[in-house]
Amino acid sequence: MPAPAVTDPRPAAATGSRIPLRTALTSGLRWDLPASLVVFLVAVPLSLGIAAASGAPVMAGLIAAAIGGIVAGTLGGSPLQVSGPAAGLTVIVAGLIEQFGWPATCAITAAAGVLQALLGIAKVGRVALAIAPVVVHAMLAGIGIIIVLQQTHVLLGAEAGESAWQNVKALPASIASLDPQAAVLGVAVILLLLGWKYVPASLRRVPAPLVAVVAATALSLPLTSDVDRITFDGSLLDALSLPQLPGGHWSAIAVGVVTIALVASVESLLSAVAVDRMHHGERTNFNRELVGQGAANVTSGMLGGLPITGVIVRSATNLEAGARTRKSAILHGVWVLVFSLLLASVIELVPVAVLAGLLIIIGVRLVKVADFTTARVTGDLAIYAVTLLTVVFVNLLAGVITGLALAMASVLWRVVRAGIHAEPLGARDDQRWRVVIDGSCSFLSLPRLSQVLASVPPGSHVTVELEVDFLDHPVHDTLDAWRRRHVSNGGTVEIEESGTATLREAQDRPPARGSSRSALRGGFAPWRSWQRHGRTGHAGPTPELPGPLSPVLAGVDSYHRRHAHLLRPHVQELSAGQDPDTLFLTCADSRLVPNLITSSGPGDLFTVRNVGNVVGNAAGGDGLDPSVEAALEFALKELSVKSVVICGHSGCGAMSALMAEALTAPKHSAGHSPEFGAGHSTGAGAGRTPVDVWLDHARPSMAAFRAGHPVQADAANAGYGEADQLAMVNVAIQLEQLRGHHSLQQALESGELHLTGLFYDIATAQVLQVNPTGISHLDPLPRATDDAGHPSVGVGVA
């Protein structure tokens, strides 16, 4: 049957509208009414059977079914869950009845309901969300198998056993003593349920389970003497009774109260989790569900009913029948009450085999091949299998507890297990070894760590690479003891720490898991953060790395060991040639890393760098600086780039030099126009350095800054200093020069090429966009202020 449509789960108050009372009462009845009838037909025999198996009065099952539907359905937090007596409590209830009697068991049920409600008020219900999905899937599959095994015997006209294993062993005997009439009715229901999806859409509006039960019941009417049908013993009113307090054995009573409360709560919450996974509508409020279940158990205990839980069989039936709201669960309770009081004879017309066929299909649909496949792919197949088998052949609670224990053990094994291995560097005769410890390293990793460290030859030169996010004191002690022992035997040990947890922290403070965001390495963190502070336990530089070259060569060594294999698949396709998208012209400042601030990789940016990120001017005043001109021509004609970016940055030395010169130089100094606007110096001149000559390319930017360029005003309003204002103006001026360049005119006019400017604020590691009229923000996060109260990024807009 098609899945029910998703409706807005929010209450009227949340959507800003008020729903009329009549609409609220009738909404969804088209689906909920027939679904409630189907659930009612399933709930009646199940409730009677559970009551009989528990040793309670048979009608106590119907009392619990009615209260579970009406009270738990109204007050509970799972709209599509159906509550009632459940098989999971059968053994517990039977033991209490045997020890204390039925009236005292009713009192224990009511007390358990009070405890459940208190748990809900204490808001502990959301613990159900911590249940591993594989356990829920296996639980559903196990329940489905139990249902199929039980109801197959009923369909064959035989009695079902008390356990799944008994049903398996008795199956050949049931087949041998087959009741043809019961089998025909049950098979007819199964065929109708399976074939209903092929009938016209207009007929499919009627739920298939309802059609199957009614049709098969009608087919059975001529067989009045030979078909087993639902039977009642006594009246519902006769079964109503008040509870009685037990006489003594209060500790055993307390255990019974806690046991029923916890088991009923766990089963209800597990069922609610499973129900949520079966539809896309309103989610369960787990705390409210506990309060609702508690209220239902208090009511059931006070009126002589069995303990109540959320029942996955009835809930699955409810969903399969097309229920949309909690009205279906409430109405099913009403039908149980009304039909038990007034129309018991109609219920008694339904053959047991008809319900068996319905339950077999429900059970089969609870066993999903997709869940099995997911467990196999995710490595949870063992958890799935053990949970399923325990649910089937032991009981539901034992299966769930076993599954959760296995799931927690699996998570513990996967999370705390560190990757630890040792390998020689080069030939074994070189006596150079590397030990890599990666992941979370705790005392649980000590057996593996000790084994790996013992495999390192004595006297070798060892580099220990710690890339861990968790490190505790026992690991620190083990590594330190091994290092001292290895050094005393003539070896050397160098410990390089690049993770978020360090040996010093493990020694000085309680262990804590580090944030992965702080594990900056390989293009993010500078050498000083891991080459100087991250190495311990060695005396002096490595012989192969001369002092001045040590950072570079150590970085190359780290690249080969840690990143080359990750990068290789991406650069292999670039080995035949480059095809970048963008020409990126930026300053030569070492603090600005283009690929980092643009999240780009090899082959993305065609980068040109010079002092001050200027496009420059040719010696004759026509065109750009030759180096920039050559790069631009190659990028446009050979590489067909689609965009050109000019990127400045804060704290630019070139801009600071211009500002200092403007403050100290006279207005008409030799060799410069008074406005700094001509763009050319009169020559190198005496005492002018190459830097002075190069800065002539940025003097138009200085002139625009002093003239009050719009970018300068916007940057000033954003709280930036004058040097950074000039750096932003410089980006805008360089863009203007590019827009006026003859080789770009046609591409810009046709839209084949785009220009933009960027500004990198080093102090905040944030990037702004610069255009001819102002600056704008590219960072979507809220702006902060520094210690001096200045904005961490500008607040002006273009």
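The patch covers about 930 Å² and is made by Leu221, Leu237, Leu240, Met302, Leu303, Leu337, Leu341, Leu342, Leu343, Val346 and Leu349; at least two of its residues come from each of α14 (286–303) and α16 (327–342). Such patches consist of residues with over 30% relative accessible area and no salt bridge, nonpolar side chains (Val, Leu, Ile, Met, Phe, Trp, Tyr) being joined within 5 Å, and a salt bridge is a side-chain nitrogen of Lys or Arg within 4 Å of a carboxyl oxygen of Asp or Glu. Leu341, found in helix α16, counts as partly exposed because its relative accessibility is 40%, between the limits for buried (under 20%) and exposed (over 50%), with a 1.4 Å probe and protein chains only.

The model is predicted, with local features requiring pLDDT of at least 70 and side-chain atom pairs pLDDT 80 or more, whereas totals for chains, interfaces and linings use all residues. Residues are numbered from 1 along each chain as its sequence is written, and side-chain values use heavy atoms, without hydrogens or water.

The protein chain holds 34 helices and 13 strands, and 46% of its 798 residues are buried. In the loop between β8 (582–587) and α27 (594–597) lies Asp589, which is buried at a relative accessible area of 16%. Beyond its neighbours within four places in sequence, Asp589 is in contact (heavy atoms within 4.5 Å) with Arg609 and His649.

Notes:
Helices (H or I, at least four residues) and strands (E, at least two) are DSSP runs, numbered from the N terminus. Patches are made of residues with over 30% relative accessible area and no salt bridge: like charges are joined within 9 Å, nonpolar side chains (Val, Leu, Ile, Met, Phe, Trp, Tyr) within 5 Å. Accessible areas come from the Shrake-Rupley method with a 1.4 Å probe; for residues, only the protein chains shown count as cover.
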